[in-house]
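Subject: Structure handover

Hi,

Here is the structure for you to open. My notes on strands and one loop follow below it.

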Amino acid sequence: MPASTTLTATALHAGYPGESVLEGVDLSIGAGAPPLGLLGSSGAGKTTLIHVLRGELKPASGQVTYAGRSVHRLRGAHRRTFRAAVRFVSQYAMTIADPQETVSSRLALAAKEARKGGRTHSVSPAEMLATVGLGEHVLPRRMRTLSGGETQRVALATALATRPEILVLDEPLTAVDPGMRGDISAALAQIIARLGIGVLIASHDIELLQRMCPQVAFLGEGRILARGPLQDVLAQTEHEEIRELALSAPAAVQRFR
């Protein structure tokens with residue numbers, strides 16, 4: 001796969017002052033590849049890994065590259081290209097900085113970023129919202145008036161608006177009503193496959209990963225402990241962290257064995 005379509009972490013070590021979190025992570029997300037799940041218990045380092053993939057946290061050693069360039073060193077046009085081609089939706093997407101911001105203005109900003117990054121943009125706001133189960137009647141609404149689930153879905157629509165090559169999702173449906181998660185994940189899977197978007201989904205939601213990811217990587221002890229189909233990974237109970245997660249959700253785990 002060409003370097004330009006792959007986001008790669010190699011021998012990645014990272015953390016915070018006095019705290020080592022990642023201790024040798026190797027991971028690759030490529031456009032056109034099936035979605036990859038990133039599973040791990042709370043505090044395992046999933047969000048830290050995403051901060052490094054995004055270029056917000058500098059590795060202690062190892063590297064993250066996109067198009068052959070170190071992500072945390074990208075500047076100018078290269079940075080704009082990266083921000084349009086590799087989109088991130090975090091579990092903190094519900095934070096609203098501007099009380100006057102509307103759904104329409106947020107989507108318009110995403111379209112502007114796509115153009116600056118050299119990506120063609122031909123998706124209407126209504127189409128963006130339909131993908132995540134929202135009608136165009138929400139376009140004039142201020143972001144701060146939306147429910148948590150609606151805000152999270154707008155964040156997903158915003159990320160898809162640039163027609164990205166790669167999409168990195170951190171607990172993307174935590175605020176969405178459980179009864180709607182199946183329909184939204186199915187619609188998301190369809191557009192991902194149609195557009196050939198490479199996806200990493202970091203979550204402790206076993207059912208979401210089973211629906212969307214043919215393969216998962218289990219993050220624990222600062223590294224990838226196991227990789228493969230979800231049921232095979234959960235069966236590797238010689239690893240204490242995998243065993244503890246399996247014991248914490250016996251009904252979900254049993255369903256997939």
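First, the terms: strands (E, at least two residues) and helices (H or I, at least four) are DSSP runs, numbered from the N terminus. Two strands pair if DSSP finds at least two bridges between them. This is a predicted model, where local features need pLDDT of at least 70, side-chain atom pairs count only at pLDDT 80 or more, and totals for chains, interfaces and linings use all residues. Residues are numbered from 1 along each chain as its sequence is written, and side-chain values use heavy atoms, with hydrogens and water left out.

Start with the hairpin of E4 and E5. It has 2 residues between the strands, and alanine 67 takes a positive phi near 55° there. The strands E4 and E5 (residues 69-70) run antiparallel, joined by 2 bridges. Threonine 65 stands opposite serine 70 in E5.

E4 (residues 61-66) also pairs with E1 (residues 6-16), antiparallel, over 5 bridges. Threonine 10 has glutamine 63 in E4 as its bridge partner.

Next, E6. This strand pairs with E7 (residues 166-170) in the parallel sense over 4 bridges. Valine 86 is bridged to isoleucine 166 in E7. Val86 and Phe88 point one way from E6, Arg87 and Val89 the other, and all are buried (under 20% relative accessible area; exposed is over 50%, partly exposed in between; 1.4 Å probe, protein chains only).

Last, the loop between E6 (86-89) and helix H3 (103-116), which holds glutamate 101. Glutamate 101 is buried, at 14% relative accessible area.

Best wishes
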